Amino acid sequence: MSVFEHREFDGHEQVVFCHDSASGLKAIIAIHNTNRGPSLGGCRMWPYASGAEALTDALRLSRGMTYKSALAGLAYGGGKSVIIGDPRRDKSEALFRAMGCYVDSLGGRYTVAEDVGISVPDVEIMAQESAHVAGITSGGAGDPSPATAYGVYMGIKAAARHRLGVDSLRGLRVAVQGVGHVGYYLCRHLAAEGAELIVADIAEDTLDRAVREFDARAMAPERIAAAAVDVYAPCALGAVINDASLPDLQAKIVAGSANNQLAEARHGEALRQRGILYAPDYVINAGGIINISHEGSGYDATKAFAHVAKIHDTLLEIFHRADAQKVATSEAADRLAEERFRKPVEKATQAA
Ligand code: NAD
């Protein structure tokens, strides 16, 4: 089977298979769409069972980046890369240098950053071979989590306004599932505004820190999705909205940072049927990539965070469209993204 017949193939512009025998690198770079600009997306390192599994991930994730960048208002297209290997065992300088060379060979059509299994030091090695690397510490925006959390916070405010008719989160009950990098910073924003926090995490020290610092109530990880709250903020795992969890949801809003929150696309409609407002994950969690798009010698955090704050208005537009079209918010988001990337843009719309 060629890539063109692959079930995840969606008119991708370019798919590059990379092999370097000296370092053992086996990687795939997928560029989905560059109508809005050169592609940008993280590199994932994962012990894929086969090349076919890696290809599936590269095709699916690069497509997702096109939608995410379009709705974040970035002058970037969608791309993603995957390295086949175990991040705990197979990392080496030679491997990341070889990856950097492959990124560089695309001449800027793809810019790489961190993703699952890849951290800042890894992309910094790639940066020694290519200028098309984002998410590095020197001259870069660094850890994307604070920006992601700020975007989620602004998204929760938009959802509260639309669903509950309130402009302040004071007194609202918010259940945060996972208080790691993003969840922790999110709790800080929510607590500062006077929200009541319920938190869960499988890591005891991480949980204790949130309880202590934000006067939060701890709940068992397996119970938090069904907590009696206004907002359920998944900030740990994907697929948390599924056939098993849906009947027990009590929240009026689902809005958090986790990727792929809907187990299947149809669960977006199921949430709508239950009157639960869903902030589509790839819209609300775009703060990190928006921040990265501001990288460069003149990185200005104030300007970058002002751009992240626009997630609020983008979500309001999606909520209004979904209401008007009587469709799930997840579907309204996809349609709006497609409007934005299907035709080439004349000029960069990045960073207001
Ligand atoms: P993280 O690993 O720092 O935090 C995740 C936390 O969830 C950890 O503390 C972990 O112990 C906890 N956890 C794991 N399983 C759990 C469970 N069953 N119940 C409760 N807690 C559980 O990751 P992160 O960077 O904070 O990212 C969180 C989510 O947001 C992920 O889905 C990630 O893909 C997504 N995301 C993150 C960013 C970013 O900037 N970091 C950007 C976009 C999307």
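Tutor: Let us begin with exposure: buried means under 20% relative accessible area, exposed over 50%, and partly exposed in between, with a 1.4 Å probe and protein chains only. This is a predicted model, in which local features need pLDDT of at least 70, side-chain atom pairs count only at pLDDT 80 or more, and totals for chains, interfaces and linings use all residues. Residues are numbered from 1 along each chain as its sequence is written, and side-chain values use heavy atoms, with hydrogens and water left out.

Student: What makes arginine 89 and aspartate 90 a salt bridge?

Tutor: A salt bridge needs a side-chain nitrogen of Lys or Arg within 4 Å of a carboxyl oxygen of Asp or Glu. For arginine 89 and aspartate 90 the N to O value is 3.7 Å, so the pair qualifies. Arginine 89 itself has 65% relative accessibility and therefore counts as exposed.

Student: Why is the pair of arginine 97 and glutamate 129 said to tie parts together?

Tutor: The closest N and O atoms of arginine 97 and glutamate 129 are 2.6 Å apart, and they form a salt bridge. Arginine 97 lies in helix α2 (residues 93–105) and glutamate 129 in the loop between α3 and α4 (145–164), so the pair ties together parts 32 residues apart in sequence. Helices here are DSSP runs of H or I with at least four residues, strands are E runs of at least two, and both are numbered from the N terminus.

Student: Why is threonine 314 called buried?

Tutor: Its relative accessible area is 12%, which is under the 20% limit, so threonine 314 is buried. Threonine 314 lies in helix α11 (residues 311–325). Leaving aside residues up to four places away in sequence, threonine 314 touches Leu71 and Val283, where contact means heavy atoms within 4.5 Å.

Student: What makes the phi of aspartate 215 worth a look?

Tutor: Most residues other than glycine have a negative phi. Aspartate 215 is not a glycine, yet its phi is positive, at about 55°. Aspartate 215 sits in the loop between α6 (204–214) and β8 (217–218). With a relative accessible area of 72%, aspartate 215 is exposed.

Student: Which domains does the assignment give, and how much area do they bury?

Tutor: The assignment, automatic or from a database, gives domain 1 (3–66 + 77–126) and domain 2 (145–340). Between them they bury about 440 Å², 62% of it on carbon and sulfur atoms. Buried area is the accessible area (1.4 Å probe) that two parts lose on being put together, summed over both. Between domain 1 and domain 2 the count of salt bridges is zero.
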